[in-house]
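Please have the sequence and the structure in view while reading.

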Amino acid sequence: VLDESPDFEPILRTLHDHGVEFIVVGGLAGTLQGVPVTTADVDVVHKRNSENVERLVSALRAINAYYWEHTRRRLEPEARTLLLPGHHLLATDFGRLDVLGQIGEQLGYDDLTARSEILEIGHGLTVRVLDLRTLREIKAKLGRPKDNMVLAVIDRTIEEIERLKGSAEPHKPEQA
Amino acid sequence: VGTLGYCMLSFDMLNKDRENNIPVPEESGDVDEGLPVGYHAELSMDEVDVTNIQWMLSLTPAQRLRWATNTARFIQKARRARRIA
């Protein structure tokens with residue numbers, strides 16, 4: 001699995017083209033909004049209703065997704081488990097994809113839509129991404145050293161975006 | 001952050017992806033995912049160099065996505081090299 005060369009665009013495009021409702025979270029959400037932070041995979045939170053999960057299963061099949069942690073036999077994601085709030089750590093033809101039922105303090109797709117923005121990537125691809133303030137909040141609560149390292153960079157990025165926009169609502173970073 | 005390794009993917013060390021004019025990492029020290037570019041410790045806001053941020057904000061979302069892919073590939077190579085070592 002780790003020998004697959006990551007390519008994030010086809011992962012997002014496949015989900016989009018199958019009509020999956022999802023929000024990009026994690027490091028990629030930051031990068032897409034201008035935070036210079038590295039990431040090795042795509043993290044998404046999906047809407048957990050049966051229609052969307054069926055579309056998700058179909059999309060995951062199209063990119064040959066399977067659980068990379070299961071080394072004894074190839075285990076593919078199923079609708080039954082994707083309806084649950086757990087985390088699904090998958091390998092695909094285009095690199096790693098974490099499909100998350102919830103993040104932070106049990107926040108699912110419906111909780112996060114109001115805290116996300118729609119980004120137009122181009123060539124018909126649009127994706128919903130977690131907004132930077134929420135991304136910061138979640139990373140601060142995780143409190144891992146690598147998350148803490150990113151907080152000031154997110155703060156500075158928000159500040160810079162507001163400066164560029166001439167925003168009237170200055171960002172006030174919370175303590176980690 | 002000793003056990004984490006640190007990220008030295010500074011923009012100064014990056015080549016250009018010829019097709020897309022997006023920087024790609026060429027060489028670095030330890031690199032791992034989830035780390036801010038060019039830093040190796042927890043930072044205060046005053047310590048953050050805004051140059052990298054301004055550069056990233058100057059890109060389109062498609063270019064940022066490409067940059068993320070390039071860095072992910074680099075991380076993978078670095079991990080593989082560490083495994084072999």
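B:Ala72 counts as buried because its relative accessibility is 1%; buried means under 20% relative accessible area, exposed over 50% and partly exposed in between, with a 1.4 Å probe and protein chains only. The model is predicted, with local features needing pLDDT of at least 70 and side-chain atom pairs counting only at pLDDT 80 or more, while totals for chains, interfaces and linings use all residues. Residues are numbered from 1 along each chain as its sequence is written, chains are lettered from A and ligands numbered from 1 in the order in which they are written, and side-chain values use heavy atoms, leaving out hydrogens and water.

**B:Ala72 and its surroundings**

- B:Ala72 is placed in helix H2 (residues 61-84) of chain B; helices (H or I, at least four residues) and strands (E, at least two) are DSSP runs, numbered from the N terminus.
- Apart from neighbours within four places in sequence, B:Ala72 is in contact (heavy atoms within 4.5 Å) with A:Pro6, A:Phe8, A:Thr39 and A:Ala40.

**Helix H3 of chain A**

- The 13 residues of helix H3 (residues 50-62) of chain A should span 18 Å at 1.5 Å a residue, and the end C-alpha atoms are 18 Å apart, which agrees; the expected span is 1.5 Å times one less than the number of residues.
- The buried residues of H3(A) are A:Asn52, A:Val53, A:Leu56, A:Val57, A:Ala59 and A:Leu60.
- Viewed down the axis of H3(A), these buried residues fall within an arc of 165 degrees, so they line one face of the helix; the arc is that of the directions from the helix axis to the C-beta atoms.
- The cover over the buried residues of H3(A) includes helix H1 (8-17) and strand S2 (42-46) of chain A.

- Seven strands form an open sheet in the order S3-S4-S5-S2-S1-S7-S6 (chain A), with mixed pairing; two strands pair if DSSP finds at least two bridges between them.
- Strand S3 (66-67) and strand S6 (116-122) of chain A are the edge strands, each pairing on one side only.
- S4(A) and S5(A) run antiparallel and are joined by six bridges.
- A:Ala91 stands opposite A:Arg96 in S5(A).

**A:Arg13**

- A:Arg13 belongs to helix H1 of chain A.
- A polar atom of the A:Arg13 side chain lies 2.8 Å from the backbone oxygen of A:His123.

Technical notes: A polar contact is a pair of N or O atoms within 3.5 Å; within protein, one must be able to donate a hydrogen and the other to accept it, and residues adjacent in sequence count only if both atoms are side-chain atoms.
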